[in-house]
Amino acid sequence: MPDPNILIVEDEVIVAKSLENKLTKLGYNVVETAITGEEAIHAAKTKSPDLVLMDIKLKGEIDGIKAAEEIRKHKNLPVIYLTSYSDDETFQRAKATEPFGYLIKPFDEKELQRAIEIALYKSKLANELIEAKRRYERAVEAGKAVVWEIWIDKMRFIADNIETTLSGYTVKELGNNFEEWLKIIHPDDLNAALKLIEKVKSGKIRKLDFECRIIRKDGTVRWILNQGKIVEDETAGGTKLIGASTDITERKQSELALKESEERFRTIFENSGIGMSIVAPKGYFLQVNKSFADIFGYTQEEMKGLSLLDLSHPSEVDRSINILNEFRDDVNLSSKQYEKKYIRKNGEAFWGLITVTPIRDENGKVLYFIGQLYDITQRKKAEVKLAKYAEELKELNKSKDKFFSIISHDLRSPFNALLGTAEYTIHYFDEMSKEEIKESVSNIYNSTKKVYNFLNNLLEWTQLQTGRMEVEKTRI
């Protein structure tokens with residue numbers, strides 16, 4: 001440990017020098033020697049000594065006692081008075097400043113050393129006590145707590161002498177009568193508290209662990225946790241309960257919110273028309289709702305002994321394993337949908353759309369899965385039908401294109417003949433003989449008749465294809 005630093009306050013230069021030599025010889029560091037009260041106050045603030053040796057009679061307007069008072073206002077330093085005054089009045093003035101020693105001049109070196117060592121030791125203990133008190137007060141304030149003791153026989157209540165953040169009342173306002181403190185307990189919790197006190201009085205319980213609500217001074221309701229234990233105080237001759245009360249309102253609100261959330265989830269889970277399941281990380285069912293069990297044809301109890309692999313179609317087993325591993329390996333994967341083939345209890349295969357949501361801990365490890373399953377067998381069948389219809393429509397389009405190609409070819413040939421014969425007749429009518437004209441008209445007639453018959457056949461075919469052909473049945 002470093003040598004203690006000492007401030008000397010002495011207006012006699014020779015005495016101050018002699019004192020400094022003695023202190024140096026004893027292993028102390030003299031940080032400064034002040035000859036007035038003002039210098040002593042300034043040195044105490046700037047030099048940070050561990051102890052002050054203060055002469056009472058000093059030059060200037062401030063004597064040693066006044067200087068010590070000022071120093072104690074700003075710095076918690078131990079002061080030892082070194083004085084030639086032995087009168088009771090001076091001693092009483094000095095005593096009021098709570099000095100750590102009072103030496104009458106002249107004194108010997110050993111006496112001085114003992115006084116300094118005792119003062120330094122007491123100062124160290126006092127500082128540690130002050131720091132412990134500060135830590136205690138900060139902890140109590142941060143924890144929204146109050147420390148108390150209850151004398152069982154007298155029902156006397158003693159609490160911290162601070163305004164409690166629990167109730168909003170000061171200790172002075174509620175007093176030391178425990179019955180007054182009971183009045184702030186919520187009426188719904190008061191009977192339970194009184195029964196607990198009776199058990200403490202009768203010695204049935206030695207420890208206290210009790211949650212209740214209180215009504216604060218401002219009318220708001222807070223939850224508090226009361227914990228304590230019975231202590232026998234032989235000195236005072238009685239039994240007391242020592243403990244602390246802590247504000248747990250936020251925790252209780254979180255617990256109630258969590259409970260409500262769990263109740264809502266349970267209600268949705270059990271009554272949902274969607275198949276819902278809770279699955280362990282390895283794929284075993286922890287819980288399923290009725291809709292989920294009905295999809296597979298099992299009871300809810302039967303489902304608890306099964307795993308995803310037991311319900312997966314043989315062609316989907318490897319895929320089911322890969323899905324579980326995918327969520328295990330990728331901590332950022334939150335939710336995903338899959339179309340999978342499953343097997344019912346009766347062996348029937350069906351298609352399902354499963355939504356998998358992992359519930360993870362703070363480290364990303366999967367705690368369990370929540371699954372939502374829809375039976376999409378009918379949809380898959382409809383998709384197959386649609387695919388078949390699409391193929392049929394494709395074939396029909398090919399037939400249509402081929403048909404129109406045939407029509408255009410079969411119509412073009414007779415119309416070419418018609419146009420050619422008609423054009424020739426128009427241009428060479430005057431030069432044509434009667435037989436030639438008759439032949440041209442005959443050709444036009446025959447070509448027109450072929451086109452007409454073709455169109456009739458086409459019309460009949462169209463009626464047949466569109467279902468507009470009327471069938472007349474006749475017995476032969």
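## The antiparallel sheet

S277 stands opposite V288, a residue of strand β12. The two strands involved are β11, which covers residues 275–279, and β12; they run antiparallel and are joined by three bridges. The structure described here is a predicted model.

β11 and β12 belong to an open sheet of five strands with antiparallel pairing. Read across the sheet, the order is β12-β11-β15-β14-β13. The edges are formed by β12 (285–288) and β13 (336–343), and each of these pairs on one side only. From one strand to the next, the twist averages 30°.

## Helices across the antiparallel sheet

Which strands does helix α13 lie across? Helix α13, made of residues 317–329, lies across β13, β14 (349–360) and β15 (366–375). Its direction is at about 150° to β13.

Helix α14 spans residues 377–428 and lies across β13, β14 and β15. For α14 the angle is given against β14, and it is about 125°.

## The parallel sheet

Another open sheet of five strands has parallel pairing, with the order β2-β1-β3-β4-β5. Why is one side of β2 and of β5 left without a neighbour in the sheet? Strands β2 (29–34) and β5 (101–104) stand at the edges and each has a single partner strand, so one side of each has no neighbour there. The twist in this sheet averages 20° from one strand to the next.

Within the sheet, β3 (residues 51–55) and β4 (residues 79–83) pair in the parallel sense, over four bridges. At one position in this part of the sheet, D55 stands opposite L82 of β4.

## A helix across the parallel sheet

Helix α1 is made of residues 13–25. It lies across β1 (5–9), β2, β3 and β4. Relative to β1, helix α1 runs at about 165°.

## A nonpolar surface patch

Which residues make the nonpolar surface patch of about 300 Å²? The patch is made by L464, M469 and V471.

V471 is located in the segment after helix α15 (434–466). Is V471 buried or exposed? Its relative accessibility is 67%. A residue counts as exposed when this value is over 50%, so V471 is classed as exposed.

Key: Residues are numbered from 1 along each chain as its sequence is written. This is a predicted model: local features need pLDDT of at least 70, side-chain atom pairs count only at pLDDT 80 or more; totals for chains, interfaces and linings use all residues. Side-chain values use heavy atoms; hydrogens and water are left out. Two strands pair if DSSP finds at least two bridges between them. Axes are lines fitted to C-alpha atoms, for helices over the stretch in contact, and angles run from 0 to 180 degrees between N-to-C directions. Contact means heavy atoms within 4.5 Å. Patches are made of residues with over 30% relative accessible area and no salt bridge: like charges are joined within 9 Å, nonpolar side chains (Val, Leu, Ile, Met, Phe, Trp, Tyr) within 5 Å. Accessible areas come from the Shrake-Rupley method with a 1.4 Å probe; for residues, only the protein chains shown count as cover. A salt bridge is a side-chain nitrogen of Lys or Arg within 4 Å of a carboxyl oxygen of Asp or Glu. Buried means under 20% relative accessible area, exposed over 50%, partly exposed in between (1.4 Å probe, protein chains only).
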